[in-house]
Amino acid sequence: MPAIPEPQPISRASHRALIVIATGVVLALLYFGKDVLVPVILAMILALLMAPFVRMLQRIGLGHAYAVLVAVLLLALIATGLMTVIASQIVHLAGSLPQYEQTIRAKLQLLHEATIGRLQTMRGEAGQLFNALGSKRQAAGQVAPLSSAPAYIEPEALPTLVGGPWDAIKSVLSSLWSPLETAGIVLVVLIFILLEYESLRDRFIRVIGGTDLRATTVAINDAGQRLSRFFVSQFSVNFGVGLAIWIGLAAIGLPNALLWGTLTAVLRFVPYVGVWLAALLAALLAAAVTPGWSLMLLTIGLFAAVEIIVSQLVEPQLYGHATGLSPLAVVVAAIFWSWLWGPMGLVLSTPLTLCLVVAGRHVRSLTLLEILLGDTPALTMPQRFYQRALSGDSHEIIAAGREFLRQKSFARYCDAVLLPAFQLAQMDLRRGEINPEQLRRARSAVVRVIETLGREAPVQPRWRHRISVLDDDNIGHYLRKQRESVSGRWQGPLAVAPGSIVLCIDTGVREDDLLTEVLVRVLRELRIDARHVSTKDVEEFAQEAHPEATPNAVSMVQVVIGDVAEEWERADAVTQELRQRFADATIVAVVLPNLLEEPVPPETGPHINAVAKSFEEAAQYALKKFMP
């Protein structure tokens, strides 16, 4: 019996082709099925939002069917009332249009003279000039004369208003038929979805979640909460904007202010363009009401002022925590869904995109959607620091660091950003994945960041500063020498108050030199006289004569250990030697955490007084020593 050949794995090119084909099929289904999909999706979103209200009605004693009926009737009454207000205002506006006809004609004539008429006058004058030049050339026997153009062309007859107000009403009603039909379908589908809401949710969980019921339930609850918060926030803001526009337009004297306030509140559900469409229509009416332009300018100014206040002050506080969408995602989604489904797609773009982001957050295969559309940073702060450092972009690192330091300390910044970024760089260095050019750019960027955020300004000209950084491949050594060039070999005076100095010492490992220098700057940020020395420096200081030095000036010694697994034996020996030299000083072992695992400090002897697990904790020990 011949062996059955094993199925060959799909190649990467074939996989990409399948993805492209599947994407095209989905887009085609969405486009050609929009007449069915739009009402169904709108009903599903409304059901998701109204389900909490239905459950609340059930808790007060109503049956499920009666609760659904009350909720749907309330929604229908609100929508009908809104449409009635808009329709009545439109009828009133249509009846008032004839009395504005003369003003409209006068302003159209004025606009015509200021634009087209002026261009025609210029064309006539240019024609006369060319004709004169042609006559001179003809007299000289050069060329034939140019055909003359009239000096002024009468403007075309202005269009007249055709039909009466009832023709306008008919046109409006005919245009409303399609939305009313869609609303009826949505209402019917909404009733059946709410009646079988629990059953449909269970079916959806079974189809999508399979055996992972917990993750699917969390995703559905997350989507419902985010949509509810978003729509409640948006409804509240839009209602407030419509109320403000209504009161403002009524105050400046624009007719049908209620219509424009209601229209603004409704159109504002369309992202970005809805409110300005309402502003344009109101401005056109304002231009037709009075002979001057002041009412139109006041109308535009009112819309601009209200929208700027709401969009810059109110919405960032509400929507920033309500949706989880990036601003670019909102714009791109509005363009995509409006291209796919027209005006209704523009209205549904934000909730649909929000559902995709929530799905990407909880479904592993859709993670790309959350990365592209969500407002969560694609890179963590240490990753951004490392990436910008490789590119040599110190300005962006400094800007992000200053933003961080507005709320937290420099010690916390070193723990949360600086140290993990250094550890990422060490991992790539050990694997040989950083080329020399990237390494030089990174060293220069890190030096600039530490100098700026640690408030240690460079003492050399900028060109000399760059050369020194490139020449010295030990950043910690360079930063230390920079401070020594200003404060002397011992980084400050030796005649100080007793017990006022904190020595920061590394264990002799090259990588710890930079971490020790960072610790010194963390302590100096707190106005503590911290100095970066090595065990060799301590020995040299003891062998030299320093008559000006204050006895017992050192009150604390902090030994920095970057890798506890490899450096603990050496660090323990260093601390024992330091205990002999500084018998009365407090010795703190600063065991910094590893990027991949939490450090477990070994048992310490009596020569170590305390163990700090971060820069922030080391700073706290120093503060307690000097400020009990």
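## First stop: a helix pair

Select R480 and E484: they sit four residues apart in helix α19 (residues 475-487), so about one helical turn separates them. Helices here are DSSP runs of H or I with at least four residues, strands are runs of E with at least two, and both are numbered from the N terminus. Now show the side chains, and you'll see R480 in a salt bridge with E484, with the closest N and O atoms 3.0 Å apart. The term salt bridge is used for a side-chain nitrogen of Lys or Arg within 4 Å of a carboxyl oxygen of Asp or Glu. Both R480 and E484 are buried. Buried means under 20% relative accessible area, exposed means over 50%, and partly exposed is in between (1.4 Å probe, protein chains only).

A word on the ground rules before you move on. This is a predicted model, where local features need pLDDT of at least 70 and side-chain atom pairs count only at pLDDT 80 or more, while totals for chains, interfaces and linings use all residues. Residues are numbered from 1 along each chain as its sequence is written, and side-chain values use heavy atoms, with hydrogens and water left out.

## Zoom out for a moment

Show the whole chain as a cartoon. Its secondary structure comes to 23 helices and five strands. Colour by accessibility and you'll find that buried residues make up 39% of the 628 residues. As for contacts (heavy atoms within 4.5 Å), take those in the chain with a separation of 6 or more: residues 24 or more positions apart account for 73% of them.

## Into the strands

Next, select strand β1, and look at how covered it is: six of its six residues are buried. I501, L503 and I505 point one way from β1, while V502, C504 and D506 point the other way.

To pick out individual partners, click L503, whose bridge partner in β2 is R531, then V502, whose partner in β3 is M556.

Carry on to β3 itself (residues 554-561), where eight of its eight residues are buried. Six bridges join β3 to strand β4 (residues 586-591), and the two run parallel. Click V559 and you'll find A589 of β4 opposite.

## A charged residue under cover

Go back to β1 (residues 501-506) and select D506. D506 does have a polar contact of 3.4 Å with the side chain of H532. A polar contact is a pair of N or O atoms within 3.5 Å; within protein, one must be able to donate a hydrogen and the other to accept it, and residues adjacent in sequence count only if both atoms are side-chain atoms. Beyond its neighbours within four places in sequence, D506 is in contact with residues including D512, T516 and V560.

## More salt bridges

The count comes to 15 salt bridges. For one of them, select E517 and R521, which meet at 3.0 Å, N to O. Both lie in helix α20 (residues 510-525), four residues apart, about one turn of the helix. E517 is buried, with a relative accessible area of 1%, and R521 is buried at 1% too.

Then try D529 and R531, whose closest N and O atoms are 2.9 Å apart in a salt bridge. D529 is partly exposed, with a relative accessible area of 24%, whereas R531 is buried at 3%. Elsewhere, salt bridges that share partners join R480, K481, E484 and D537 into one network.

## Last stop: the cysteines

Select C414 and C504. At 0% relative accessibility, C414 counts as buried, and C504 is buried at 0% as well.

Methods:
Pairing = 2+ DSSP bridges.
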